[in-house]
Structures are given as C-alpha cells and as structure tokens.
Protein chains: 4
Amino acid sequence: MVKQIEVGVLGATGMVGQSFIRFLEGHPWFKVTFCGASDRSAGKKYREATSWRLEESMPSRVADLTVEECKPGNAPKLVFSAMDAAVATDIERAFADSGHTVVSNSKNHRMEADVPLLVPEVNPDHLRLLPVQHSQRSWKGQIVTNPNCATVSLTMGLGPLKGFGIERIIVTTMQAISGAGYPGVPSMDIMGNVIPFIGGEEEKMEQETQKILGAFTGDRIDPLPAAVSAHCNRVPVVDGHIAAVSVAFKQKVTVEDLRAAISGFNPLGSRDLPSAPKVPVLYMEEDNRPQPRRDALRERGMAATIGRLRPCKVLDYKFVCLSHNTIRGAAGAAILNAELMRSEGLLER
Amino acid sequence: MVKQIEVGVLGATGMVGQSFIRFLEGHPWFKVTFCGASDRSAGKKYREATSWRLEESMPSRVADLTVEECKPGNAPKLVFSAMDAAVATDIERAFADSGHTVVSNSKNHRMEADVPLLVPEVNPDHLRLLPVQHSQRSWKGQIVTNPNCATVSLTMGLGPLKGFGIERIIVTTMQAISGAGYPGVPSMDIMGNVIPFIGGEEEKMEQETQKILGAFTGDRIDPLPAAVSAHCNRVPVVDGHIAAVSVAFKQKVTVEDLRAAISGFNPLGSRDLPSAPKVPVLYMEEDNRPQPRRDALRERGMAATIGRLRPCKVLDYKFVCLSHNTIRGAAGAAILNAELMRSEGLLER
Amino acid sequence: MVKQIEVGVLGATGMVGQSFIRFLEGHPWFKVTFCGASDRSAGKKYREATSWRLEESMPSRVADLTVEECKPGNAPKLVFSAMDAAVATDIERAFADSGHTVVSNSKNHRMEADVPLLVPEVNPDHLRLLPVQHSQRSWKGQIVTNPNCATVSLTMGLGPLKGFGIERIIVTTMQAISGAGYPGVPSMDIMGNVIPFIGGEEEKMEQETQKILGAFTGDRIDPLPAAVSAHCNRVPVVDGHIAAVSVAFKQKVTVEDLRAAISGFNPLGSRDLPSAPKVPVLYMEEDNRPQPRRDALRERGMAATIGRLRPCKVLDYKFVCLSHNTIRGAAGAAILNAELMRSEGLLER
Amino acid sequence: MVKQIEVGVLGATGMVGQSFIRFLEGHPWFKVTFCGASDRSAGKKYREATSWRLEESMPSRVADLTVEECKPGNAPKLVFSAMDAAVATDIERAFADSGHTVVSNSKNHRMEADVPLLVPEVNPDHLRLLPVQHSQRSWKGQIVTNPNCATVSLTMGLGPLKGFGIERIIVTTMQAISGAGYPGVPSMDIMGNVIPFIGGEEEKMEQETQKILGAFTGDRIDPLPAAVSAHCNRVPVVDGHIAAVSVAFKQKVTVEDLRAAISGFNPLGSRDLPSAPKVPVLYMEEDNRPQPRRDALRERGMAATIGRLRPCKVLDYKFVCLSHNTIRGAAGAAILNAELMRSEGLLER
C-alpha cells in the first residue's frame, strides 16, 4: 500500500461535501484529514457540525475530525471544493494563492479562460491549460473544475462521438431533485409534477459543453463552434439526470459508426485510476433504457449509460443518456479529476 | 333547453370510455343513451359491467343503462368510439357503413387519407375532407378522428404559430401515466423514475402532426412539409403531457410576433361550443410554468397552456406546452370534434 | 340574494390564507373585503403580496384588494385567522378584545378551557361554551377554533360512533405533504419515503380528540375520559390525511350498529349550511377504500370517508378514515364553523 | 476456501427468484447450479428465460445456466423456493419427498404445525421442530419457511422484547410496492396515494407473528397467546416495509429495560453466518427515523431498524420498525435460514 495523500474538503458539512466524504471513504490514494466549513461550524466535531443526509452512515474516522475554517493555513496541499457559489470565488483563490491545488465542484471558476473544465474521459488534454494558468495568475497553486451535473450527462454521451464533428445539439434534460441540494425542491412543487425550469442551468449547459468539447490550441481552449440548445426540467426522481439528445455532425456517419465509437470508448483504460469506471459509457440495448432509478448507480455511480441511438428527422441522430448527478456529476467527478492529475504528475506544481 | 341529441359510447366500460361518460354527464347537447362494450359485458347494467376508476362517482343515470354489444343495430346516429385499437377498425367501419357518424379517439383511422384528424382550434377546415370521404367510401355514415394525446399538446402549442411557416420541429415529451390506461404502467417501473420510451408514440406524433398542420387542397390533405422529430418519455405524473419544443420557421419572426399570435388565437371564439375553452392556448408568464399537476386542469382540462417562449440556438424558438391527456387528449377532444361538426351542420349526412 | 356578510382573512397571503380566499370565492353568505398580513406585505395589492400556490387561479376581486396590517381597526366584524402560531396568540386576542369574532384555524387557542374547539357535525353543542368565554374574558368579541387537520380525520370518523361510549383509541395517520405548508417538506426527505414523525402532532391529536369528544357540562368541557394514542407519519401524498383506527367501546356493539350509526349520521342535515357536505361521513363499501388521491375531494373536500370497518383482535373494532387536510382540515373547517355560528345567531355578540 | 454447497432456486425467473440469484452471487457457502422454472422456460438459458428487473446486472455465471423444470431429479440437495403460492405446495412436497431440503419463501407451508417458520435471530429453537416433521411426514427431506415480508419487520422489532411477555400488539404497516412483485401495483393506483388494504396480509401477519413468537414445547409450537391486530397499507415507496407498533407486556417494564434489550440483542453473534447482520436490530436515536428510503438497505438490507420507542397511552409502549421487504423479508431471509441450518448441522438429514 502506497502512502496516502492527505486531502481537505472545503464546504465539508453541506450535501456535496458529504458526498465527497462518503466517496473518499476507503479511497486507496486519498485520505481526508481536513474538513473546512463556515465559522459557525468551525471548532465542532464533524459529527456535531453536520446534519448527515446520505443513506450510508457517516464514516467514523471523519466524524471525529474537528471542523476548521476554510483558510489555507494548515490544510493539506490538495483540497476539494464543495462550497456554495456565494463564497467559493474568494476562498478558492485564497487557497490557490497559498499553493494549494483546488479541485472544485463549484461553478465559480468553470468558465475562466485559464481554468480547465474537465471530464477526464472526454477532454483530458485540457489539463495542458495548467501551465497557461500558472503563467497568467500569481497563484502558487492551481484550480481545476468539473462541470455542472447536467453537463456531465450530456458530454459523457457526446464524448465518444466527438470525432465525427459535432455541429448542432438540442438537449432536453429530466433532472433529479438531489441536484438542487438540501432542502432543495419543496415536495409541494415536484411531487407528481414536472417543473420545466431550473435557474441558470440551460446557460451553463450550453456554455460548458462548448468549452469541454473545445480544442486546446497551445495557450487557450477554443470552444466547440457548435450551436447548443438546452431545455432543462426537474422531474420527481431522486438521483440521476437523464437527457434526450438530438445531434448533427459535420461528417456523414452511420449508426454503426456511432455504436462502434461508443463501444470502443475508453480513453482512461490503461491508467488504472481508482474511480474510473471500467466502461465509462455503457450502451444499453433495451429500447426503454437507460432509466435513472435502475441505471444511475452502475459502476458505483461513475459510469454514464446511453441508449436508443436512432436517426433524427431534424438533426442527424438522437439518443438518450444518463449519469448520476451527485456522484459522476459532482463529488465523483472532482475526485476522478484529482486522480487523473496525479497520474499525470500534476497534483503538485 | 333544446332537445338533446342521443349518443352512444363504444368501448364504454374501459378507461377512455369512462372519461367519455363522465365528460358527457350534464352536457347541454349530448345525452348518452347507448353504452357499447364486448360480448362479455353486454346484457349487464353499466354499473355492474364497469370497474369505475375515475375520481368522481359514476353518473347514476348511465349506471342503470344496460350495456349492449358494439353493433350498429339500435345505437343512436352519433357514436363516440373509445375502443381498443385491436377491434376498432372493423367495428367503426361497420357503424359508418350503417349510417352512423363515428367520432373516434382510436388510432385506427387517423392516418387514412380521407378521414379528418381534427384539433378543432387548429384545423377545423379539415372537416371539408368529409365530402371526399363520402364519395370514396361506400359508407352511409362517416368517421372523424382526434389525434394521440401527446400530439394534442404539441399541435395546440403550434396551432397559433402555423401562419409563420413551420419548417422543423424537435419535441421532447414528458408524459403522464394515465396515458397508458389501466392497469397501464407498473409502479415498479415508473416510481421515482423516467422511462425514455413509449411504444409507437414517436412515430404517431411525427406523422399526426404533419397531417394536422397540413393543408386541405380540395380533395386531400397535403401534410405539412416540415421535419418533425419526437423524443417521448414517461414520467411519474398522474395527468398532463408536457412537451419541450424547439421550432424553426420559414419567416423571420420575433418573440413579440409569436406572443401576439398566441394571445390572439381563438378561432372558435364566436361559435359558443359547450366544451371549447374560453382561452384555448393560455400563455403563462411565470418562468417555471406550465406544470402538469398545477395547470393541466385549466378550463375543465380543455385548455392548453404554454410558456417559456424564448430563442433557440439551434432552431429559431423554443417553448414548453402542456395539455390534459385524458380530457383534451382523448374524450374531451372527441366531444369537441362532435360539437364543431354540429355547429357546421355535419353531424348527419 | 341576501346581503353578504363582509369578512376578513388574517394571514391571507400564506398557504392556509390562500385556501380561505379560494374557498370563500363565490360563497353565498361571506365576502372577503379585508386581507391582513405582515407589515412586509401591508400596502401592496393582494396579487403582488402573494405567491399564489393553489391550482386554480387567484380570484380576481380579491387580487385587487390592498393588503392591510393585522390590526382590528377597520377590519370587518368577522375574521378568519390563518396566522402562524408564532404570532396568532396576541393578534387573535387583540381582535377579540376589539369586538371581532375570530374564527381561527391556528392552534394557539384550541386548548383554552373557554374556547370552543369545533367540528360542526360532531360537537355543535360546544358553542354553548361561548357565554362562559364571554363571562371569563374581558373581550368584547370572541374566539372559536377548529382542530388540527389530522384530528379532523379522526373525529369525523369517530363522531357517528360517539354514542357507544368510546373508551380507547389507537390511531396511525398517514398524512399528506400539504399539511406542512410551503415550502414545507423537502422533496429529498419524502420522495419514495415515509417520515414516521411530525413534530407536536401526536400530542395535538390526543388532546384535541378528547376535548372534541368531551361533554359540555354547563360551564366547561369535560374531556372524554378515553385513552388516545396516536402514531403520526408523513407519506408522499399531496392532499388528504388517512388514518388506521382501532377503537374500544364501553357498550357491546355489532358491526351493524356501527354501520347504522354512520349511515344515519347527519346532524346538520336540516340547517342548509352552504359548506356542509350532504353526507358528512361517507361509508365506502370497496375493501380498498377510502384512498387519499381518489376520495379526499368528495363534496368539494368537505366530506370525510370511512371504510373497512371490521373487528379488531385487541380493541373492539378497526377502520380506515380520511378527510382533506387543507379543506375539511383547515379553511373549510373554519368556514363551516362560521356558518354554524351564523345559523345559531352567534356570529355577533 | 471451503468447498461450496450447490444449491437450486425454484421459481428462479420471477422477481423473488431473481433476488435469490442476486443475493447468492458471491456467497461464500452456497453456489447456484440449478435454476428451476415453469415448463415454458425450461430448456432456455437463464438470461433468455428471464426478464431481469433488478438494479444490478444479471450475474453472468447464472445467466448461462440452462433453466430446468421444477422436478427433484437432478437438482442439488438444498433448494430455495421462490415459487408462486399457486404451485408451491405440490412442488415443495415433491422435493421434500425426494430427500431435498426445501428452504421456502412461499406462504404455503408456513402455518403447517410441523414446519418451522423461522426468523433466525428470534426463534432459532424452532428448528427443533424438524425431528417432529421427520417423524410425522413420509418425506426423505424437509421443509423450512420464512415469514411474510411484513411479519419480518414486526417480529424483528419485537424479538428483543419477547422476554418481557408480550400480551397485545396493534401494528399498522406502510408497505413498499416491491412487496407486490411485478407488474404488481398499477402506478395509477399508488402514485401519490395510499391503498389501505393488501389482500390476506393482515391475517398472515396476525397468525405468523403468534407462531414465530410462540414456544417450542417438545413436539409442537404453542403460539404466543397474545392478541395481534394488523392494519396493512400500501404506500408509494419502492423498498422497505415500515410499521407503527403499540404493544402491551405482562411484566412492568421501563423504556430503559426495552432499550437495553434491543441494544443487547444479538443471538447469532457468535455463529459467524455470512448473511447475518452485525447489529440485527439497530436502534436509531433521531426522532424521525427509521425511514424506508434511507434505512432499509443497512447491512446489505439484512438489518432491521427501530426507533421512536415511547410510552403508549392505550397499550404500554409504542415504536416504529422497518426492514427491507425483498431482502430481509424474502430472499435474504431464506438464505439466512439455510445458513443457520448449516451451522446447526441440519442442512442434511
């Protein structure tokens, strides 16, 4: 067993923070030794400061950690950020400034030109933006981000098809309530209902998708020059964002081409990252799959599933794709980012 | 009070048949005097033959009717058909052959070239297909149909916009469980889940939409030469099919043009049909509406609602629309068809 | 048409207040001319001050009323209170003190010894407590209350059986989310789940039931000397509190005795109160009824339903009962109380 | 690694059968080598004969087994029965007759006087009924059963309290839809609803509880002479039956006595059975726990959870208990029974 790397979680007491704690429990490379939260919680044991809302019980080792303020001081070099957007900008920058590697799930830095917005299987080369970041910022550390949970579903589905030249995308999401955190969506709003609106989500999906599928050109990311249109909906599902996607390609492609690209897609295959799914994008043959309740948890929630690939009468092809929004779309995404960075020797500058 | 027209309901004991019975209760023009069903039920009182599944109690006058076989013999001239597709073709034709006007909710005759597929507010002129039907068939009566419940949501939303020249449509539906009848969707499949597939539904939506929005050219309907692509999903909602729609127009139009067309849309306004909604397509200003549980029942379930009209980065505009699938999308649709026919003097040949 | 009585609603902008506004729309006796709310809302139009959350649209006449502070000044003599418990005590007393009749849905005064806690069909004679209240308080007006929504389900079910001498009651409720107001229960807590706890509810049900079923003894209510034990649960249902009840009687009774008492139960029958259900406690013969989604709205939500009456191996009998929690259990309850008071000539002192 | 015991599953293609297959995957003692099903399925590969409905994918080794008819011939000595009640009686007896040990989840033999109805932690001594069975039946093998899924929740909760002399029990269950199998409960019946009736369930709970808590007297089980009254309800929950229980004891007991009995309860502790939970009945301190969605899966679904222990005003105490209905209440129950039998040397006569 190699020596584990100590990590901190910023915003450790919130819902996403709890997902980090749970997902890191038993991790072969990373060990949580620092829980950062607001002043209100600082000084308490994690078990006292936290209203634990996940299904499994709180990992006992972390439960006994004393929560600290979100200040760089004695935090480990590697910190995961699960902070609210309201506070994430300043704190993440303070950590980066002090030499920490901040692997963030917060939206604040995602669209900064010199910050990688990563989906490890889809755009691992965007890590090459880090030297640009190092040269442009005065930080001694660095910041890397993962996309919005709905963007993850879409870009995992599109990742294998990138090579065919994506030109236009129309996506309609049906998103789980856990995406809104806690207390999140009032049951009076969503029980037996659909809410055809999620504030800011469509803009995020459209922009983040263009950046993720964009090209690294030596000193910047050129966003994919594809038109992207998103319709975002909340549905009464606990976990798992599912999306109906129509897409047009530059190249002439057949269903067989696309299916082959999906089944051959495993860009991280040889790296042996602990959280990487064996089959990152699983094609399901049944005509009524994937489904959030039945498929979101495949490969510990890290695999995306895709199905119903067929011609579209308006664009070229259409399909359904799904991923787990709080695992693959949040905590698991950031942890996989950190694993990729370690395998690239990029965890420390 | 004018003398009421006696009507029959074919397939009266099933879920859709029950909706007809309920919706016709207290109707000012029509009075149910004939309930047709399978041999198994014939001879029993309606109350004994029927496992009533609707919220209100069974109308007592109909409850005492004796169920009859679905044979033309002594049925009233006007019959509504709520029959299963498996038997509807032959029985509807037998009734038409014997001089009955069959106003059908079944899918069997919808795509026949000489059978009107009506949404009264959208294509009332398609009734002019009836003389064509009369000349081409040997029937002494006639058949008129209404579309699939999901097509109704879409075409009600598009109806006001028809004049701008619809060229391409991508629609993603989120459909209620009541659309699948009873017992319909197993709870183990849909509870907290989305099923991204409804057998045959996408094809129906694509074809029926082209026919409804098509042009009557003197002796036939020329389907709208627009590309239509549908993604159909089942969601855990009891009543109300909601759709996310992207649309491209031939003409250059502004949001204001479209909004004006919607608010001015009331083609049946002067006719005073008992089941016609006062505002057939209601635009909702709130950014998170319409919603199935809160809006499907507006105007006794006969109004469609629409909202979130905004530019689409791939096609021209996008919006959300909703209608009640078992009322506006089934029984109410057929009854409004019959009301329109009466106001046009077309109920009897 | 008789002249309508002007009424006010205190706490008019909240969820329960909205239910009052909706239920009073079109009321033959009462007309809302005063909407009281917090300082924050006072001075705005009702439509601007209120985030309307009910299915039907906001009644337009009330929408244009200017919201006022909850002060007795120019409010009508009769006011309905839908205020939060945090503020209801002082404000209701201030109104009573100034000569108003306060018909309250708030819990604050329910257990006061000289305040009637009314279910009109069950204990109408408890209005005789009003002279006691008049003599004991310095108020120029008066206060009358209705019970907690879950207590209504139970006492409506027990009301017809009161004459047999109720000795012991064990009740397990399954309560709808609307009982918790808005935003109320987070969807993350209740979707596909049961929460076996509702703060303070079991105590309220136990005490209120004893008071409602108690006897007026000339100058006070002697609570029913029956042991009452409640288990209260939240379930994923929108409207309608259903309860499984076991009960022991002093007298020996048969199922037939109980069924006869239920079917003969209509103590308000001759009074012609506008909101009184024709059949206040409807016995359903089907073995799987009543059910909240299908039965809570009977008689505009004012009727209770009951079913499955059968022997209990521990106490004497057991049954299931149901009523609509926001109508029969809140706004409708208070309005029926006011109707009963008017028919007794007790609206004004 | 010891040599694994080969086992068969009768009714292997149904929902409960699938649970057996899943739960036995990776089992250290048992290895599925025989899948029995109806004639219709016999001869096909398991993967072809089975419409797999569980979340995880079908275990691949079993997927390749050829399904056989449910006949004793070449089945392993130990068979688990997941058969429908309609056919279980004859087939289970045929297997027992031929020398097989039948560990059954079917209801057919549960109430036979000489058949153990086991909850391993609660009445392991009832296995001593086997010699009685051997002497009374002509079978060369034997039959052992586990209770109905709702009875498991109740008896796990009551097991630790047995020593205080249980006299009266009133239990109200809120049961998950998975308890009804597939297709099971129509979504139109249960979505946003409660069904206060499950056919035959109340009788099963009342009788089975008395047998399980009864005393082995050398040649028979004397059922617990306690009155048991059950109210059974279906609620919109996927997995996990939760029950609200009131109980009266012969002895005077305190809450502390009961809590101590629960926390000290671990009768199988020293046996090291692979499927036995470390803490069989976990007391949860939070006032709103246990909850089905959050707690049913504890210890792989084999632990029961209990909470809210408090005085009852009618009987002595009341509490809430929960267990996973398809794991602890079905497949897992039977497998734990077989593990207990093996540890007692009773798997083979």
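**The interface between chain A and chain B**

In this predicted model, chain A and chain B bury about 3800 Å² between them, 55% of it on carbon and sulfur atoms; buried area is the accessible area (1.4 Å probe) that two parts lose on being put together, summed over both. More than any other three residues, A:Pro196, A:Arg293 and A:Val314 contribute to the area that chain A buries against chain B, supplying 16% of it. The contact (heavy atoms within 4.5 Å) takes 49 residues from chain A and 50 residues from chain B.

Residues are numbered from 1 along each chain as its sequence is written, and chains are lettered from A in the order in which they are written. Local features need pLDDT of at least 70, side-chain atom pairs count only at pLDDT 80 or more, totals for chains, interfaces and linings use all residues, and side-chain values use heavy atoms, with hydrogens and water left out.

Between chain A and chain B, 10 salt bridges are counted, a salt bridge being a side-chain nitrogen of Lys or Arg within 4 Å of a carboxyl oxygen of Asp or Glu. One salt bridge joins the side chains of B:Glu202 and A:Arg310 (3.0 Å, N to O).

A rotation of 180° with 0.1 Å of shift along its axis superposes chain B on chain D (RMSD 0.0 Å), by least squares on the C-alpha atoms of residues with pLDDT of at least 70 in both. This is the relation of a two-fold axis. Of the residues of chain B, B:Ser187 comes closest to the rotation axis, at 2.0 Å (C-alpha).
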